[in-house]
Amino acid sequence: MPHVRQLLLLCLFAVVAPAMAAPAAQDNAVRRATLDNGLQVIVVPDRLAPTVTTMMNYDVGSRDAPDGFPGMAHAQEHMMFRGTDDLSAAQISAIAAAMGGHFNADTQDEVTRYYFTVPAQYLDVALHLHADRMRSVADEQSAWEKERGAIEQEVARDLSSPDYVAYTRLRQQLFAGTPYAHDALGTKASFDKTTGAMLKAFHERWYTPSNATLIVTGDIDAKQTLATVRRLFGDIPSHDVPDTAPVDLSPVDAKPIRMATDAGYGLAYLAFRTPGTNQPQDYAAARVLAAILNNPRGALYSQLVPTGKSLGTQFALDGLRDAGIGYAAAAFPKGADSDALAKQMQKILADIARNGVSAEQVEAAKRGLATENAAERDSIPGLARQWSQAVAIQGLASPDAELAAIRGVDAKAVNRIARQMLAPDQSVLTILTPEGSGAPSSGGGFGGGESFAPSHAADVKLPDWAAKPLATIETPTPRVSPQQSTLANGMRLIVVPTAATHAVHVYGRIRNEPDLQTPAGKEGVDAVLSSLLDYGTDKHDRLAYEAALDDIGAQASAGTNFSLTVLPQHFDRGLELLAENELTPALPKDAFKVVQAQTAGAVAGQIASPDFAAGQALKGALYPKKDPSLRHATPQSVNSLSYGDVTDYYQKTFRPDLTTLVVVGDVDPAQVRKAVEHRFGAWQAKGDTPNVDLPPVPANKAATIHVPDSARVQDTVQLAETLDLHPSDTAYHALELGNQVLTGGFYASRLYRELRAERGLVYYIHSGLHADRTRSQLAFEYGSQPDKVAEANRLIADALADMAKAPVSATELHRARAGLIRQVPLGEAGANAIGMGLLSRIEQGVPLDEPYRAAQAYQSLDAKAVQAAFKRWIRPDALVHVIQGPAPKS
């Protein structure tokens, strides 16, 4: 369960079933109640999808950790999944996995929250789990000793990130002597001193109904939900909690922080203290200021990026109750003068603090934040997060109160906050300079030695309240009804009408493959083109185009992947501007040289980075020597480009016959088609349709490659092998079932139990099948200490071999089938999930209702089919291992 922290990172169907509209008599009103024991409950109906999110917020976080134990709240968050007085860890995991949704938790400075997003019919089960963990937690010493290994792996992972290390140092300087001087992660030293008894005492002190807020969002009956909450939580006793530690701020230690980074680019950023969320009006003004500073029309971007002084800029806000953190950042290529860049940033911000911002900028920022607020509501989990942030963290009545505060902000308030926030002597400058690592080294495969064959995940008896509703697996039916058509120019249009949205969301993709479409020696032309698309259109220059978007509060991006988020009343204008940028970009010659130099500089750093080396090593071991995917840009190839190379690539790549546009919102499909035809209908393809599908590849051979990375104390390990399967193949679905047995459902899965729960070798292990029209692979990734890599690799290989040797158990098959089938509705739980899911299926070349077809396949496949698929397709002795970080110890 990842804790939350704000790191500044710059990184350059036609379905036959009809839409199931909610009956008019349904109660869609927000309901709230405070139980007699003090538990605050808010229920927010949302009819977008037949799913529900439950989010339990406890008013305790890292600032409440005892002295000397900075990760106590984080440790207790982990242990909430390790059992209670009435439920074992295996039962908790089995129940959560069988519900088939997403479950997790995070620890923040002031709040620890636990959440489930599951099919709506399992609301009662999710609430049972929340209630049981509020009543008690086991916190057994033996369980903590195992979990400590995993949480210390998490510490090692984060300490392997220079961005995170820099973040911890700047927090210490901004908030020295206060509870904000550390974040929620904790340290190995503190965890080594922590005991199960200490954790139990922490739970008993803070985990009480009067110190919690429960948010429930989704396709639910609000009145009935409140009745269920009263039944499950009403008799839990409550008690007072300690006072929260005060935050007494001292002058900032402005000493600069200088560090190396393993990224392909450098970062210079200034961190400032900001008003806390307990000052609603000031915090709202700070949010508006942040939006202005992050706007491409603003001075930070305009004076640094188009002039070639920075690869990109960003301003971010990390809101805490008593004081927050604001970050102004600029990325630079390897070898650039970072000190000169930092001085320019300081001057720009000082000028803004002195001269202020305009009323027009303030109003534009407010319109953008209103669109952002509406877009966040267009997701059932996002709606829960929005309510949790407003109520449990900021102490407001609702998200509407937060939006009202923003609407009340004027230029005077913003400029007052700017003078307060952007004071040069109250900031911390951090510079991360890119440095490469050693060359990758190859070796043989992992093998031999002791065998650690993973045991099957335990078959556990579930309580009746979980066993009965989870016993039967029903194949879901779609709630949304995408309407598909094709324009005369070949452009595919998919409209998803739904009354359960507040904004209109447009997602576009032009099928392309730079590795096939880029002329020899011109690698990097796609990156140069992508950056040039930011420089306006034939009708509007860069600043005028951004101003036109600001006029309607729209969020838009252009490219082979393009998008638009806009309020309904501005849909037509937003679509006009989006089409303008896609079809008639300015691609100004005077910007070409700047962008070319920026791209060449970025590429130079990228190809020297360990991340790039690891990616190339993996592809190089999986694919033939001259495979197109091994092509990459170099400074030389980028510098050899002419302006004509870029415009020619645009003309050949941007084609309507390879384009799909998805529109999700409360819209009339006929009106949407009319608008799209008006804006995109004149677009015509030129020349022959290019091949954009990479060639199939043969089965790979085993390989082990170590990529040195001096910034890391923990290894990131990737294991993969190629497959010759299409995502609609029956064997592919059988492998997906098996993969769910291996890593799906957290502790309920074989590898999570073996590698994390029982041995503490890893903090996380992800696995999955990845496929497009011509290629597929099975891949694993985990993080581990160097001396545990060999053991973890053997366990994974043995687990794959075990899948081929014997059928999975009936319990495992039921759990895997339930998990995958019940996840399907979650693909419609947000506008973004709907839109991107449809585009993904177009890219894969599968039917738009493929998730529902797959669910039917999962129902029909048995354990022998899973075993046969692993025996036929999976080759544990042919895995490619790429280890990035310190040299592993075998």
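What classes make up the lining of the second largest pocket? Nine of the residues are nonpolar, four are polar and three are charged. Keep in mind that this is a predicted model.

Next, the strands. Look at E11, residues 427-434. Is this strand enclosed or open? Seven of its eight residues are buried, so the rest of the structure largely encloses E11. Which way do its partners run? Strand E7, residues 257-261, pairs with E11 in the parallel sense, over five bridges. In that pairing, Ile-257 stands opposite Thr-430 of E11. Strand E8, residues 266-275, pairs with E11 too, but in the antiparallel sense, over six bridges. There, Ala-271 has Val-428 of E11 as its bridge partner.

Now the cores. The largest nonpolar core holds 142 residues. Met-99 and Phe-233 have the most contacts inside this core. Helix H28, residues 789-805, supplies the largest share, eight residues. What does Phe-233 touch? Leaving out residues up to four places away in sequence, Phe-233 touches Leu-35, Asn-37, Leu-39, Met-56, Leu-127, His-130, Ala-131, Met-134 and Leu-214. There is also a second, separate core, with 49 residues. Among them are Leu-564, Leu-587, Ala-633 and Leu-641.

Conventions. Residues numbered from 1 in each chain as written. Predicted model: local features only at pLDDT ≥ 70, side-chain atom pairs only at ≥ 80, totals over all residues. Heavy atoms only, no water. Core = buried A, V, L, I, M, F, W, Y, C linked by side-chain atoms within 4.5 Å. Buried < 20%, exposed > 50% of the residue type's maximum accessible area, 1.4 Å probe, protein only. Helix = DSSP H or I, 4+ residues; strand = E, 2+ residues; numbered from the N terminus. Contact = heavy atoms within 4.5 Å. Nonpolar A, V, L, I, M, F, W, Y, C, P; charged D, E, K, R; others polar. Pairing = 2+ DSSP bridges.
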